[in-house]
Amino acid sequence: MAITATGAKVCIVCEDAKETGIYLYNGFICEECERSMIETDTSDPKYQFYLKQLRKIQLPVQTQ
Ligand SMILES: [Zn+2]
């Protein structure tokens, strides 16, 4: 999937390969994007972009 030969992961937000970041379900978010998301005001148009990118994460399906 989003894992390269070097071990870097592709961030779902900026779509760049990064070494450090967090996993949110099956999506990887790099450190920089994580930080800027926290700092971005919800009224900022940039925040809508982050939300759109986060929608790519497939949430676990509840089976029971
Ligand atoms: Zn990123």
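This is a short chat about a predicted model of a protein chain.

Colleague: Okay, what am I looking at? How many helices and strands does the protein chain have?
Modeller: This is a predicted model, and the protein chain has 2 helices and 4 strands.

Colleague: And in what order do the elements run from the N terminus?
Modeller: The order is β-β-β-β-α-α, starting at the N terminus.

Colleague: What does the C-alpha trace span along its principal axes?
Modeller: About 35 × 35 × 15 Å.

Colleague: How many of the 64 residues count as buried, as a percentage?
Modeller: Of the 64 residues, 16% are counted as buried.

Colleague: What about contacts between residues at least 6 apart in sequence: what percentage join residues at least 24 apart?
Modeller: For the protein chain that figure is 26%.

Colleague: Let's talk strands. How do E3 and E4 run, and how many bridges join them?
Modeller: E3 and E4 are antiparallel, with 4 bridges between them.

Colleague: What do E3 and E4 form together?
Modeller: They make a hairpin, with 2 residues between the strands. Tyr25 sits in that turn and has a positive phi of about 55°.

Colleague: Is Tyr25 buried or exposed?
Modeller: Tyr25 counts as exposed, because its C-beta neighbours inside 10 Å number 10, and the cut-off for exposed is 12 or fewer.

Colleague: Where does Glu15 lie, and what is its phi?
Modeller: You'll find Glu15 in the loop between strand E1 (9-10) and strand E2 (17-18). Glu15 isn't a glycine either, and its phi is positive at about 60°.

Colleague: Buried or exposed, that Glu15?
Modeller: Glu15 is exposed, with 12 other C-beta atoms within 10 Å.

Colleague: Switching to the inside now. Which residues are in the largest nonpolar core?
Modeller: That core has 7 residues: Cys11, Ile12, Val13, Phe28, Ile29, Cys30 and Cys33. Its largest share, 3 residues, comes from E4.

Colleague: What do nonpolar side chains tend to do in general?
Modeller: In soluble globular proteins, they tend to be buried together.

Colleague: Let's zoom in on Cys30. Where is it found?
Modeller: Cys30 is in strand E4.

Colleague: Why is Cys30 buried?
Modeller: Cys30 is buried because 23 other C-beta atoms lie within 10 Å, and the cut-off is 20 or more.

Colleague: What does Cys30 touch, not counting residues up to four places away in sequence?
Modeller: Leaving those out, Cys30 touches Cys11, Cys14, Asp16, Lys18, Thr20 and Gly21. Cys14 is 16 residues away from Cys30 along the chain, and their C-alpha atoms are separated by 8.2 Å.

Colleague: And where is the place of Cys33?
Modeller: Cys33 belongs to helix H1, which covers residues 31-39.

Colleague: Is Cys33 buried or exposed?
Modeller: Cys33 counts as buried, with 22 C-beta neighbours inside 10 Å.

Colleague: Which residues does Cys33 touch, not counting those up to four places away in sequence?
Modeller: With those set aside, Cys33 touches Cys11, Val13 and Cys14.

Colleague: Last one: how many Å apart are Cys33 and Ile12 in space, C-alpha to C-alpha?
Modeller: Cys33 and Ile12 are 9.3 Å apart from C-alpha to C-alpha, and 21 residues apart in sequence.

Note on methods. Residues are numbered from 1 along each chain as its sequence is written. This is a predicted model: local features need pLDDT of at least 70, side-chain atom pairs count only at pLDDT 80 or more; totals for chains, interfaces and linings use all residues. Two residues are in contact if their C-beta atoms, placed from the backbone, lie within 7 Å. Two strands pair if DSSP finds at least two bridges between them. A nonpolar core is a set of buried Ala, Val, Leu, Ile, Met, Phe, Trp, Tyr and Cys residues joined through C-beta atoms within 7 Å.
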